Amino acid sequence: MTEPMVPSSSSSSSAGLTWAKMCKECGQQHEGGQENHLYEYQDEVDDELVCHICLQPLLQPMDTPCGHTYCFQCLSSFLKERDFCPVDRQQLRLHQCRPSSLLVRNLLDKLTVLCPHQAECQLQMQRCELQPHLHNRCPVFRRLREEVERRKRPPWNELKGNREEGESGADTKHTRTATRDILPEPGLINPAFEESEDETSMQSSLVAEANVVEMFREEQELGLRIVGGKDTPLGNIVIQEIIRDSLAARDGRLAPGDHILEVNDVSLASIPHGRAISMLRRPCPLLRLIVMQEKGFNPRHPQRPGLEHHTPPSTITAPPSPPSHSPHGTAHNQGTVIQVTLVKRDRSEPLGIKLIRKSDETGVFILDLLAGGLAAKDGKLCNNDKVLAINGQDLRHGTPENAAQIIQASEVRVNFVVMRQPEPQEEGGSGGEGQSRVARRAPESQYFRRPSTYMKDPPGGFSSQEKMVSLKKEPRLSLGITIAGGRDCRSRLPVYITSVQPIGCLHRDGTIKKGDVLLSINGVDLTQLTYNEAVSVLKAQTAQAQVVLRVIQTISEDPEIEGEAAKEAMESVESPREDDANWAPLWTRWLGLPSHMHWCRDIVLLKTNQESWGFSIVGGYEESHGQQLFFIKTIVPGTPAHLDGRLKCGDEIVAVNGATTVGMNNSSLIPMLKLQKNKVTLTVVSWPGSLV
């Protein structure tokens, strides 16, 4: 066992410490990217976790082909002057080395360290928790940051303060209190903002606050879609979307783009996506979140719970207009409202309608019309119709259980009011550039398959494999699977399996799993079909005596996450739940799909010369991680990206103005984005975040 020496640059006093010289990650003074971060370790550290060059616990550990492990910074500096391994002197190049396993990185992150500002802060914590501690709780870090903020204020602010000093003392006190929580997003790479000392007004506008949000939730879901995690280029856990009429939407304090730092006093800084989702889904009466919230140019004002202003513009839908008595229905901006009356022979006759709820939209939807049933014979209701009302009772925010109770209590006549979405159509060019700031969103662009020139490998840690299953069956025997997705859904997802029932023949075979993406059945391609088309093809092919299924399975290299996925799949088979039809894979599962399964869309953003685009990116080529995908990490309120409403945190940027981002690094892509003066076309792939 080795006891690391205490870094010589640390001291028990913060005297002489300045904000400019202090590292914003470890809190010590060192030469930025030229030196490793410095930590004051509390306990002895196993020799296997110590770098052979600096003799300190490993930071960003890299494994060599010859079996040795070094800090990335130590090894890269050494190999600039040498071409061999420091221990056994075998020939070595940096590109031959790979990041150490997730297990090793987790062990290092759990090492206990002391806050470097021990004169005023004597806390100890895990190494991965030091950076959030500094930014959110350390009094020295906070004081130095406030001093810098005061110096950066424009002179007219101080003059105004002097003139109004006698009458604004209370406001000044309030401002100082609020400023304590203001912090820049650590590690943010933001093409929206030029950071320079003479642009103080713009710099002071881009701020973030760490806030505590507590919610009583009992057994209900929060209604958040989440992206990110330590195992992805985003790093942090980020809220992608707030589900309308959910607990989070009614609470009103969370918004898309918020970074979740802690859940019930447990840091999310060093855990992968799957484990963070498990923590957020864990049942508890009181949920306590620490979130970093971007303020940007249009600070959020508290609003009454239940308002929809916290929902991104792309997901807001107007409430349906009053039902029309016309038998042909009423045209609506979100679809056509239709009235249908079914007449039963007696009160107990079933209608033959299967109703479901969707995870990405509130309300009740028709999943299927049973062959030979009353609704199927009538022929006016269709799959995927949204049920707005039954017998005059509003179901826009209802559940299938509510609808079933109304139907069972009805007499012989059952009156439906449903909304039917229009068929997708070819769309023309985008709107003119002279749109107002309020109506700057262009017409919804058409989705298209990812071009071959935009193909990329999945991000590190994720992959996929194709499987073929051939089985003989009785013609009337069911496969025993339920599906979701289809190219008509909002994210243009491929068709995937939501459950494998124990009564079907695929359960006995055991090869097909929950979450598998269906490629074909008996040679019929399923990758381009809508949900209803896929259901029809599966029903037709299942009638055959032999069925050949081709599926693709996405895989995570984290054994813990794979184990949790296998456990969940087993539990769903042993005890099928009512919500299996609404189940969806985690966001990280979609990342493992090969590029030819991705569907892109072009998003055109418009702005004036004085504005910034308003989003930050992470990813690109790095020596320590190789080629990573470019992801949207933050969208700043009040900017063109936010007002347009279509970009989401976690979206992958695959091209800019038609130029592929394959092989680019940050230093190439960011200038390209900054050069676009008034208009930019982003080609993106968007996957739905994990629902919690």
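Which residue in E27 does Val-517 stand opposite? The legends below include the answer.

**View 1. The whole protein chain.** This is a predicted model, in which local features need pLDDT of at least 70, side-chain atom pairs count only at pLDDT 80 or more, and totals for chains, interfaces and linings use all residues. Residues are numbered from 1 along each chain as its sequence is written, and side-chain values use heavy atoms, with hydrogens and water left out. The protein chain has 17 helices and 34 strands (DSSP runs numbered from the N terminus: H or I of at least four residues for helices, E of at least two for strands). Of its 692 residues, 49% are buried, meaning under 20% relative accessible area with a 1.4 Å probe, counting protein chains only. Among contacts (heavy atoms within 4.5 Å) with a separation of 6 or more, 67% link residues 24 or more positions apart.

**View 2. Strands E22 and E27.** Strand E22 (residues 462–472) runs antiparallel to strand E27 (residues 546–556), and eleven bridges join them. Two strands pair if DSSP finds at least two bridges between them. Val-469 is opposite Leu-549 in E27.

**View 3. Strands E25 and E27.** Strand E25 (residues 517–521) pairs with E27 in the antiparallel sense, over four bridges. Here Val-517 stands opposite Ile-552 in E27. In a regular strand, side chains alternate between the two faces of the sheet.

Conventions:
Buried < 20%, exposed > 50% of the residue type's maximum accessible area, 1.4 Å probe, protein only.
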